Amino acid sequence: MAQVLGIDIGGTGVKAAPVDTATGTLLAERRKIATPHPATPEAVLDVVAELVKGFDWTGPAGSTFPGVVANGQILTAPNLDPGWVGVQTADAFGGATKLNVTVLNDADAAGLAEMRFGAGKDRNGTVLMLTLGTGIGSALFIDGVLVPNTEFGHVEIRGKDAEKRASEHAREEGDLSWGKWAGRVDEYLEHMEALLSPALIIIGGGISKKSEKFLPLLTGLRAEIVPAGMLNDAGIVGAAMAAVPD
Ligand code: BGC
């Protein structure tokens, strides 16, 4: 059994807990610190270091990041401070925590956890996970294999980034009724379905706790559509999984 510290960096909070990667369970209660604003690399990494210290952690660690992470470098950070773009993850996270931290996109991490332990378990074919939160994150799996950094939250719907219309943040900010917001989610999902024809769509993010409020309002999708099984812990678990080889 590998014990790995999973860290999940989001637009509103940074969460962490030690994870048993064989079972996907948290080994201690997770801790959360509000994301500092402006969410500069220095400020956010201070919070990450505080969480690592709080758990007295010296072992392997993995962290999510809410943007594109490729070849050990942060390439985009649409919902955090732009100072993140270009940051080398090994230097930045290693410097702040003195640990070896594997960093990956937040939705990709949540998707890895859902495919191993949650709603996507044992599912083959094309599976699309979408996290509706501050933004919209996406993770695409083909026969269980992740295609990283798909960034489907930024496809254009009615001349706007999809996440500006259909994220949980957009619902709250616009004070939208469930019906109105579900209509926007429906339009977005139909668009994604037309492009990818997934057999299964998993809806994650904070909103997955309230799935009964909007999933029944969705219409006309061919794909099976289900809420994430791991609710808010998927990012932490997936970050931990990414830090240790299978
Ligand atoms: C970012 C994605 C991220 C998603 C959810 C989007 O704005 O571009 O990389 O996965 O938000 O945090």
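This is a predicted model: local features need pLDDT of at least 70, side-chain atom pairs count only at pLDDT 80 or more; totals for chains, interfaces and linings use all residues.
Residues are numbered from 1 along each chain as its sequence is written, and side-chain values rest on heavy atoms, with hydrogens and water left out. Local features require pLDDT of at least 70 and side-chain atom pairs count only at pLDDT 80 or more, whereas totals for chains, interfaces and linings use all residues.

The domain assignment of the protein chain, taken from an automatic or database source, gives domain 1 (3–108 + 234–242) and domain 2 (120–229). The contact between them (heavy atoms within 4.5 Å) takes ten residues from domain 1 and 13 residues from domain 2, and the C-alpha centres of the two domains lie 23 Å apart. Because both domains give residues to the shell around the ligand, the ligand lies between them.

The shell (residues with a heavy atom within 4 Å of the ligand) includes Pro66, Gly67, Asn79, Asp106, Ile136 and Glu163. Its residues divide into three nonpolar, five polar and three charged, Gly being counted as polar in this scheme.

Among the polar contacts (pairs of N or O atoms within 3.5 Å), an N or O atom in the side chain of Glu151 is 2.4 Å from a ligand oxygen atom, while a polar side-chain atom of His154 lies 2.6 Å from a ligand oxygen and one of Asn105 lies 2.9 Å from a ligand oxygen. Taken alone, the ligand exposes 310 Å² (Shrake-Rupley method, 1.4 Å probe), of which the protein buries 95%.

Conventions
A polar contact is a pair of N or O atoms within 3.5 Å; within protein, one must be able to donate a hydrogen and the other to accept it, and residues adjacent in sequence count only if both atoms are side-chain atoms.
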